[in-house]
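Please examine the sequence and the coordinates shown below before reading on. The explanation that follows is meant to be read alongside them.

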Amino acid sequence: MTVDSDTAILARIERAVAQNLLDYVRAVQSVAPEVQAAAIACAGGVAAFTGIGSPLTTIKGAGPDIPDDDIAAAEVFFQGRGIKKIVFELAPWIPERSVERLLRRGYGLAGVEDVVVRSKPFDASVSSRPVASVSAEEWPALQLAVNDAPDTPVWSAVIRASAQVREAIRLGVRDENGMWIACAELFPVGDIALFANDATLKSARGRGAQTATIHHRLGEAAARGFVCIAAEVTPGST
């Protein structure tokens with residue numbers, strides 16, 4: 001890829017991630033109105049509040065340039081909702097001047113994750129294990145169980161919302177006894193497919209469940225005409 005094509009795909013993915021975050025806010029508003037989820041535009045991206053302690057109370061898609069006015073507006077937005085630690089999730093297209101603005105305002109590097117990207121053609125080979133669709137009603141209990149997530153009101157709201165995000169494709173893998181052991185989702189955002197919420201029961205890891213969901217979602221992407229797939233992963237993970 002050239003530098004220009006890298007920047008173009010970064011821009012498309014960042015806009016897709018921001019839209020997906022906004023879709024989550026709307027879903028939380030629907031399933032858990034008591035959370036008072038909200039969002040505002042922020043430097044081309046979205047600043048979202050989905051509850052104190054929620055992993056989706058964050059800013060995604062901002063940039064490449066992030067003016068002081070947008071940073072200040074985001075700070076007012078979050079601080080007015082009791083958030084003391086404001087998080088910008090930024091892609092590496094951010095120019096030095098934006099980094100300097102954040103540093104001057106007291107921001108520092110909190111962590112790093114990889115975003116892996118694949119353009120078509122997609123490998124639509126048959127999954128190594130059977131993969132099944134999961135209903136919106138079944139999804140929250142499945143994700144909570146296999147993700148080993150804390151059963152708190154905030155996490156409950158986010159997990160219930162993930163079942164209601166528009167056009168979400170929810171998938172699961174069962175073991176030989178018919179018990180759910182893994183889950184995964186695909187979020188369509190225009191012609192971009194976002195892989196998310198991959199989780200496997202600890203006792204069932206290393207048996208190909210997530211490999212199966214990846215192959216299945218690649219098949220879905222090929223059939224639906226997506227041009228690009230993106231997924232956030234822990235650095236160094238398989």
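The paragraphs below treat the sheet, the aromatic pairs, the charges over rings and a pair of packed helices.

The model is a predicted one. Its open sheet has 6 strands, arranged in the order β5-β10-β9-β8-β7-β6, and the pairing is mixed. At the edges lie β5, residues 114-119, and β6, residues 132-133, each of which pairs on one side only. The partner of β5 is β10, which spans residues 228-233; the two run in the antiparallel sense and share 6 bridges. Within this pairing, valine 117 has alanine 230 of β10 as its bridge partner.

Attention now turns to the aromatic side chains. A pair of aromatic rings is described by two quantities, the distance of the centres and the angle of the planes. The structure holds 3 aromatic pairs. In one of them, the ring centres of tyrosine 24 and phenylalanine 187 are 5.7 Å apart and the planes stand at 75 degrees; because planes over 60 degrees apart count as edge-to-face, the pair falls in that class. Tyrosine 24 belongs to helix α1 (residues 3-31), whereas phenylalanine 187 belongs to strand β8 (residues 180-189), so the pair ties together parts that are 163 residues apart in sequence. Are these two residues buried or exposed? Tyrosine 24 has a relative accessible area of 6% and is therefore buried; phenylalanine 187, at 1%, is buried as well.

Another of the pairs joins phenylalanine 77 and phenylalanine 78, with ring centres 5.0 Å apart and planes at 75 degrees, so this pair is edge-to-face. Both phenylalanine 77 and phenylalanine 78 are buried.

Rings also take part in contacts with charged groups. Arginine 174 lies over the face of tryptophan 180, at 3.8 Å from the ring centre. In a further case, the charged end of arginine 217 sits over the ring of phenylalanine 195, at 4.3 Å from the centre of that ring.

The last topic is helix packing. Two packed helices are described by the angle between their axes and by the distance between those axes. Helix α4 (residues 139-146) packs against helix α5 (residues 153-162) at an angle of about 125 degrees, and their axes are 8 Å apart.

Methods
Residues are numbered from 1 along each chain as its sequence is written. This is a predicted model: local features need pLDDT of at least 70, side-chain atom pairs count only at pLDDT 80 or more; totals for chains, interfaces and linings use all residues. Side-chain values use heavy atoms; hydrogens and water are left out. Two strands pair if DSSP finds at least two bridges between them. Helices (H or I, at least four residues) and strands (E, at least two) are DSSP runs, numbered from the N terminus. Rings of Phe, Tyr and Trp (its six-membered ring) pair if their centres lie within 6.5 Å; planes under 30 degrees apart count as stacked, over 60 as edge-to-face and the rest as tilted. Buried means under 20% relative accessible area, exposed over 50%, partly exposed in between (1.4 Å probe, protein chains only). A charge sits over a ring if NZ of Lys or CZ of Arg is within 6 Å of the ring centre and within 35 degrees of the ring normal. Axes are lines fitted to C-alpha atoms, for helices over the stretch in contact, and angles run from 0 to 180 degrees between N-to-C directions.
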